[in-house]
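Subject: Structure for your review

Dear colleague,

Please find the structure below, together with its sequence. My notes on it follow, and I would be grateful if you could read them beside the coordinates.

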Amino acid sequence: MTNGIFAAVQENCTKYRNFPRPEGELFFTIPIRNELISLIQFLEREQYSLLNIALNDERGLEAHAYMIYYTFSGGEPRQFVILGHAVNPAQTTLLPSIRKIYEASIPFEQEIADFFGLFSDDGLSPEETGLFLHSSAFPVGHAPLRQDHYQKWLKDHQAEELTKPAYLNLLQTGKSFSVGPIHAQIIGGGLFLFKMKGGETIEDVFFVPGHQHRGIEKMFEIEYTLRDGWKLAECITGDTAFAYGMAYCEAVESLTQVNIPPAANYWRALFLELERITNHIGDVANSFHGISAVLFSNRLFTLLEACYQLIQQITSQPGCNPLENSNFILRGMNRVGGVILPSIPNLEDLQSTLNTLVSEFVQVALGGMRSKSICKRLASTGILTSEQAYKVGAAGFVARASGLLWRDTRIMHPHGAYADAALNLQDIIQETVIPKYGERDRPLERIAAVYEEDLTGDALARMAIRVAEVEVSMMIINRLVKHLKRNLNEKLCLTEDEISQRLEQTRRFDRPYRFGLGIAESWRGEVIFQIWEGPDNSIYRCNFRDPSVFNWPALRISVQFNMETKNRNLFADFPVINKSYNNSYPGVSK
Amino acid sequence: MKKTKISTILSLLRENIGMMLLRKRSYSSFVHYPVIAGKERSKYRSVILRHLDCGSCQGCELALLRLENPVIDILQYNIKAEASPRHAYFLAMTGPITRNSLEAAEATVTAMPVEAIIAVGDCAVDGGMFKSSYAIAPRPNAISERVVLEIPGCPPSPLVLEQKLLEIKAK
């Protein structure tokens, strides 16, 4: 274990507490702020990427302070590096700010300011606070994630004055207007504040996420235990339900050191890829629909419907009409300790149906992209260069469309089926991320550029990478099915007793209230759960992070007027760009 | 004098207008559309929806979008989603009504000509699994009074949605 971070920390090893963690994770607590900052600066130079920042109120515990946890990924071989730092309210209430080192930390600072009422020492501008708890709905001082927050707080403070949200101040300068939170389509609710350059060109856009804030992190603490928290996790974002459930279960399994049966890992990977295929087909269809390419979008919507019906068949109880089954978003199969299926699906049927679907999808989508009018509409619309993507920490296919092909937790931190040597899925993901077509198949120069090395990060590149990923997912499913067929009767989930036995061990990783880290590469990017355990298998704190936390700032950059990258978007381009991202509204609102 | 009901006057008017239109264009080649009056007509009435998101997880949105695809094709029954509440007969509300979205939701309801709400999904019916959260607003009367149809399900399956919407069309 001689990688950079370890060597850097080793000299101070006696000073920093190094806690035992599962394989692939390093965890230190660093008491002195200056040393924390210099260590994070070192990580930035070594090209570690910031994955998550979570605050935990541990005033009532051993630490007697707020603990802030920074999760990074990097090194050779890649590892999670988690740095903990105690902020003692008796000394200071200001958190260390790392926004000058990592721009990606800004959304986390905004979250913590709202949910804990704690600000970073670099100072947030007034417009940056109150994004999640709008001051028009919540009185000032409402910090729901502090442990001393009680349920009737809002009732007690009802009489207090509600004020106009500070983010609306952005509207008063220049030519600006707001769109939302209710939109003119069947779509989630979020407020966009536009600043125009004069005429039709957009100068800047600002996204206010909180309209769908449902207080989920607090609900985990109050109403759910480690065993049944997956129910709520799957309801955070409907279109990413399986990935959320999987990341939650993996976090609890890491916390309780449960090893799930290998067949369960295979099923999880299969459903994760199925979710990816379904959503990418839907998004490509929506993108075509948005630019009035109805010929292609209608065909793809038909394929999407076939995908949904396939999922309904998988998730329906035997003997029921699958069309009456309301579960077409892969809910209810993840459990702590494995996977529970209503019935084992007919794998041959599933494979052949999906193969026909995907091959038709690729044909139609590529056909659409080769049409000159569509190609020109999407190309150089909403450019996100690879430097910009790296800076904001863009996740998932957005980063990959900008050329950061390594930004995929299936490659960065392979686990479960992706780390299985027998399956060898790494080869598929790494070698075929960008499929290379024969000369005959790519008559247009622009498509050729997208498909080879020049991933320019525009709307066309994002569409192309989706098509490529659907193909990769199909290859993965084919290989998984081949292996699953051999042992269909294997155990898929640990028994109740086995899990209870595991959960009853109170001291984990040498200290109570340790956390578990769960990560799953959803179709949008990585979903992260960080769960702290309370007494009697309750949840002390559950932090989750949607990939859109990074991708909303990425969207802002790709809409902004920029002379250097020649990025100039009209107002009519915004829906096109927004659809090419399809960021989550409820995932970031929490 | 015996009072005439407004509805009968309206239906009479409709018939007359229909006849007038037909008389105006009485070419020999004109295909005569049947004039539908009274109860028969309501069968063919269109249902125009406006979608309102009050903090849903996008599951119900996926279900609503599925209705519009070429396979289910809810448009064949003249049920469609409109972009403006001013043009809508019904508000298809999803989500448990969060505190942050309450103001916008009420503004949308009052912007409608006839304020009728269809609650789509468990969350919209009674708050669903989020009803105990601090971030969910106590349901205002202005909204709960106007709910004319509840479609439970998490999310409701498109088949159920289709049936329920056709029911409201037949009323």
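How many bridges join β7(A) to strand β8 (residues 202-208) of chain A, and do the two run parallel or antiparallel? Six bridges join them, and the strands run antiparallel. Please bear in mind throughout that this is a predicted model.

Strand β2 of chain A

Strand β2 (residues 25-29) of chain A is likewise largely enclosed, because five of its five residues are buried. In a regular strand, side chains alternate between the two faces of the sheet. In β2(A), A:Glu25, A:Phe27 and A:Thr29 point one way, while A:Leu26 and A:Phe28 point the other way. Residues on both sides are buried. The partner of β2(A) is strand β5 (residues 79-87) of chain A; five bridges join the two, which run parallel.

Salt bridges

Over all chains, the whole structure contains 27 salt bridges. In one of them, the side chains of A:Lys590 and A:Glu111 meet at 2.9 Å, N to O. A:Lys590 lies in the segment after α21 (586-589) of chain A, and A:Glu111 in helix α3 (residues 106-116) of chain A, so the pair ties together parts that are 479 residues apart in sequence. Both A:Lys590 and A:Glu111 are buried.

A salt bridge with 3.0 Å from N to O is formed by the side chains of A:Arg268 and A:Glu253. Here the pair ties together parts that are 15 residues apart in sequence, because A:Arg268 lies in helix α8 (residues 262-290) of chain A and A:Glu253 in helix α7 (residues 241-256) of chain A. A:Arg268 is buried, with a relative accessible area of 1%, and A:Glu253 is buried at 6%.

Helix α8 of chain A also holds both A:Glu273 and A:Arg276, which are three residues apart, about one turn of the helix. These two residues form a salt bridge, with 3.0 Å between the closest N and O atoms, and both are buried. Through salt bridges that share partners, A:Glu273 and A:Arg276 belong to one network with A:Arg400, A:Asp408, A:Arg410, A:Glu469 and A:Glu521.

Chain B and its interface with chain A

Chain B has seven helices and five strands, which run α-α-β-α-β-β-α-β-α-α-β-α from the N terminus on. Of its 171 residues, 45% are buried. Among contacts in chain B between residues at least 6 apart in sequence, 82% join residues at least 24 apart. Its accessible surface comes to about 9300 Å², and carbon and sulfur atoms account for 57% of that.

At the interface, 54 residues of chain A are in contact with 43 residues of chain B. The two chains bury about 3800 Å² between them, 63% of it on carbon and sulfur atoms. A:Ile182, A:Ile186 and A:Arg214 supply 20% of the area that chain A buries against chain B, more than any other three residues. One salt bridge is counted between the two chains: the side chains of B:Arg66 and A:Glu305 meet at 2.9 Å, N to O.

Cysteines

The search of the whole structure finds zero disulfides over all chains. For A:Cys307, the nearest cysteine sulfur is that of B:Cys57, 19 Å away. A:Cys307 counts as buried, at 0% relative accessibility. The sulfur of B:Cys57 has its closest cysteine sulfur in A:Cys235, at 6.0 Å, which is too far for a bond. B:Cys57 also counts as buried, at 12% relative accessibility.

With kind regards

Key
Residues numbered from 1 in each chain as written. Chains lettered and ligands numbered in written order. Predicted model: local features only at pLDDT ≥ 70, side-chain atom pairs only at ≥ 80, totals over all residues. Heavy atoms only, no water. Buried < 20%, exposed > 50% of the residue type's maximum accessible area, 1.4 Å probe, protein only. Helix = DSSP H or I, 4+ residues; strand = E, 2+ residues; numbered from the N terminus. Pairing = 2+ DSSP bridges. Contact = heavy atoms within 4.5 Å. Areas by Shrake-Rupley, 256 points an atom, 1.4 Å probe, with all protein chains shown as cover. Disulfide = S-S within 2.5 Å. Buried area = accessible area lost by both parts, 1.4 Å probe. Salt bridge = Lys/Arg side-chain N within 4 Å of Asp/Glu carboxyl O.
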